[in-house]
Amino acid sequence: MKIFLRSVLGAVAILAAGVTSSAANDRYADRPPVMVSPDLSAPWVLQLGRAPGIVRQSRQVIQQPRVRYAQPAQPDRVRTASVQAPAKRMVMRPQINPLYLPQEVAYDGPQKPGTIVIDTTQNFLFLVEKNGKARRYGVGTGKPGFEWSGTHKITNKRVWPDWRPPAEMIKREAAKGRYLPTYLAGGEENPLGARALYLGTTEYRIHGTNQPWTIGGAVSSGCIRMRNEDVVDLYERVNVGTTVVVI
């Protein structure tokens with residue numbers, strides 16, 4: 001009897017060991033696939049069940065094609081380093097003294113109205129008017145060695161006059177290293193300026209200038225120099241035949 005019981009217990013032990021080993025090995029065995037029902041409206045238990053014909057569908061990621069937008073054609077560009085533009089060079093010119101701007105003044109001299117009187121000492125030109133008045137302008141006069149005095153008539157009037165420097169002036173300036181043209185057409189670059197009043201048969205003129213800051217000084221080779229706007233004003237006020245007295 002004891003022998004029979006031992007045989008039975010041994011068989012049971014061996015069977016239990018086999019079952020335990022098989023269960024342990026099952027932990028690492030491949031699991032059967034989980035079947036998911038395609039009918040998502042079914043109860044969730046049925047969706048996870050092993051009902052025949054129910055196969056879990058694998059999810060596939062569908063890549064959308066990338067849309068490339070054509071870039072508009074660009075003209076060829078030359079890339080350069082950023083360089084700051086140079087500042088404009090400002091040339092400061094001396095300002096004319098307001099004393100030499102046109103103004104009405106008292107006149108008690110001997111000349112009759114309509115006469116031009118030029119004071120080369122004070123650098124003023126007076127156009128004598130009636131009732132003891134005169135219109136006074138600032139002028140540039142002859143520099144040392146080129147002073148002169150006398151009485152002449154205006155014999156000609158020119159708008160934007162041409163300039164033909166005398167041969168003596170051309171020679172004199174060339175000796176200083178400054179070469180003058182034999183002829184220069186009228187215009188803003190012409191040193192005779194906007195107007196010219198010719199005095200008698202001399203080479204002297206009352207004329208404008210492109211250097212207005214020189215008004216009030218002894219700067220010329222004998223001519224009487226005025227601002228362009230002033231000589232235009234005087235030009236309109238006098239006629240050929242007007243007497244000019246230089247003192």
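Guide: A helix is here a DSSP run of H or I with at least four residues, and a strand is a run of E with at least two, numbered from the N terminus. The model before you is predicted, and helix 3 gives the most to the lining of its largest pocket, with four residues.

Visitor: What makes a residue part of that lining?

Guide: A lining residue has an atom within 4 Å of a point of the pocket. By that rule 27 residues line the largest pocket, and W163, M169, R172, S220 and S221 are the closest to its centre. The pocket has a volume of about 650 Å³. Helix 3 (167–175), strand 8 (205–207) and strand 9 (218–220) each supply at least two residues of the lining, which by class holds 12 nonpolar, seven polar and eight charged residues.

Visitor: Why is N156 called partly exposed?

Guide: Partly exposed lies between buried, under 20% relative accessible area, and exposed, over 50%; the relative accessibility of N156 is 26%, so N156 counts as partly exposed. This residue is found in strand 6 (residues 150–159) and, leaving aside its neighbours within four places in sequence, is in contact with A196, L197, Y198 and V240. N156 and N239 are 83 residues apart in sequence, and their C-alpha atoms are 8.8 Å apart in space.

Visitor: How do you know that strand 6 and strand 11 pair?

Guide: Two strands pair if DSSP finds at least two bridges between them; four bridges join strand 6 to strand 11, so these strands pair, and they run antiparallel. Within this pairing, T151 has V245 in strand 11 as its bridge partner. Strand 2 (residues 116–119) pairs with strand 11 in the parallel sense over three bridges, and there V117 stands opposite V245.

Visitor: What makes both faces of strand 11 covered?

Guide: In strand 11 (residues 243–246), T243 and V245 on one side and V244 and V246 on the other are all buried.

Visitor: Which strands stand at the edges of the sheet, and why?

Guide: The sheet is open, with nine strands in the order 1-4-3-2-11-6-7-8-10 and mixed pairing. Strand 1 (103–106) and strand 10 (224–225) stand at the edges, because each has a single partner strand and one side of each is left without a neighbour in the sheet.

Notes. Residues are numbered from 1 along each chain as its sequence is written. This is a predicted model: local features need pLDDT of at least 70, side-chain atom pairs count only at pLDDT 80 or more; totals for chains, interfaces and linings use all residues. Side-chain values use heavy atoms; hydrogens and water are left out. On a 1 Å grid over the protein atoms alone, a cavity is a set of points where a 1.4 Å probe fits but cannot get out, and a pocket is an open set with protein on both sides within 12 Å along at least five of seven lines; lining residues have an atom within 4 Å of a point. Grid points are joined across faces, edges and corners, and a volume is the space filled by probe spheres set on the points. Ala, Val, Leu, Ile, Met, Phe, Trp, Tyr, Cys and Pro count as nonpolar, Asp, Glu, Lys and Arg as charged, and the others, Gly among them, as polar. Buried means under 20% relative accessible area, exposed over 50%, partly exposed in between (1.4 Å probe, protein chains only). Contact means heavy atoms within 4.5 Å.
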